[in-house]
Amino acid sequence: MRLLLHLVPALATLLRVGESYTIRSSVSWAVTSDVVEEEELDTLSDEAPAVLVDNIGIWKQAYPSSVYRDASEKKPDQISKSEDVSSASRVFSYRMEEVKVPSSIPTPPPHEEAARVARYMAHYSDWGHLATISTQEQIEGLPFGNIFSVSDGPADNSTGIPYFYVTPMDNTVTDLRSFPFASLTFSEAEGDFCRKQVYDPEDPRCARLTLTGKMVEVGPEELDFAKEAMFSRHPVMKKWPPGHNWFFMKLVLQQVWLQDWVGGVSVIPLEEYFKATPF
C-alpha cells in the first residue's frame, strides 16, 4: 500500500510533463501555449533551415579555410533574411527546363552486348565514384574515394569519355596532381532499373562499370565542348562561386571493366568501347 501511495504522485507528475509534448514522426516537439495548427505550419514558407542562411558559409565548410578567398563576402548584419534564403537557394538549385536530358532514359541494352552496356552506363550516369591514391597525411598512399558529377557529352552526343568540373580545393584534385591515374565507377543502381527488377546493388545483374585511366585538364581546343557537356547536364554548376577556380578535367581511358551478368566480368577493348553506341 505504501508503495502504491508513492507511485501515484510520480505518475501524476509524468502526466503533467507529457502534456507539454506531442509526438510527430517519432520526434517529440515542445508545445507552447500558442498552439499552431498543422495547416498554418505548412503556410510558413518564409521560414528556412539555418543551413540556408549563408551560402558562402556552406562553401567554407566544404573546403579548407586556408584556400578560401572571397572578397565579396558580406557581414551578417548587412544581409537581409530574404537575401539569405534566395541567394543560398540560387547556388544549389536551377530550373528543371535547363537540364538537357533525354525525355525518357531507355532500358539498358542486352547484357550480351557488353560494349553497348558500358557506353550506356557512361552516358546516362549523372555521377560516379572516383578513386585516387591519397595525399592526405593520415592516409597517404592509400585509396581514397569521392563522388563527382560527370558527363560524357550532351544528351544527344555521347563520347564515352567522362568530363568533370572540379576545384583545386578538393582533396581528390590534390591527389591527381601527385598521381594522375584514377578509376571511375558507375552503378546501374543509380537509376530505376535495378529497383524495378528487385536487384540488390551487388547483384551481378545490376551492372557496374569501372573506367580506369589518366585524369588530364581539358585543353583550349575542347573547352567549349566540355562546358556544353557539363553545364547542359548539371546547369547549377554555372552559378558556383568563381573564387574556387573551377576547371574542367577528363578521364583518358586505359581500361574498361564491366560486370553486367552472372558468370564473370568483361574487360572491353577500347576500340570496341568507342565503336559502340549507347542509343
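User: Where does T107 sit, in terms of the elements around that place?
Analyst: Quick heads-up: this is a predicted model, where local features need pLDDT of at least 70, side-chain atom pairs count only at pLDDT 80 or more, and totals for chains, interfaces and linings use all residues. Residues are numbered from 1 along each chain as its sequence is written, and side-chain values use heavy atoms, with hydrogens and water left out. Helices (H or I, at least four residues) and strands (E, at least two) are DSSP runs numbered from the N terminus. On that numbering, T107 falls in the loop between α4 (81–92) and α5 (114–124).

User: Is T107 buried or exposed?
Analyst: Buried means under 20% relative accessible area, exposed over 50%, and partly exposed in between (1.4 Å probe, protein chains only). T107 has 65% relative accessibility, so T107 counts as exposed.

User: Which cysteines form the disulfide?
Analyst: A disulfide here is a pair of cysteine sulfur atoms within 2.5 Å, and the structure holds 1. The sulfur atoms sit 2.1 Å apart in the pair C194 and C206.

User: What parts does the pair tie together?
Analyst: The link of C194 and C206 is right-handed, with 105° about the S-S bond. C194 is buried at 2% relative accessible area, and C206 is buried too, at 0% relative accessibility. The parts tied together are 12 residues apart in sequence, because C194 lies in helix α7 (residues 193–197) and C206 in the loop between α7 and β7 (208–217).

User: Which residues of helix α8 are buried?
Analyst: Helix α8 covers residues 223–233. The buried ones are A226, A229, M230, F231, S232 and R233.
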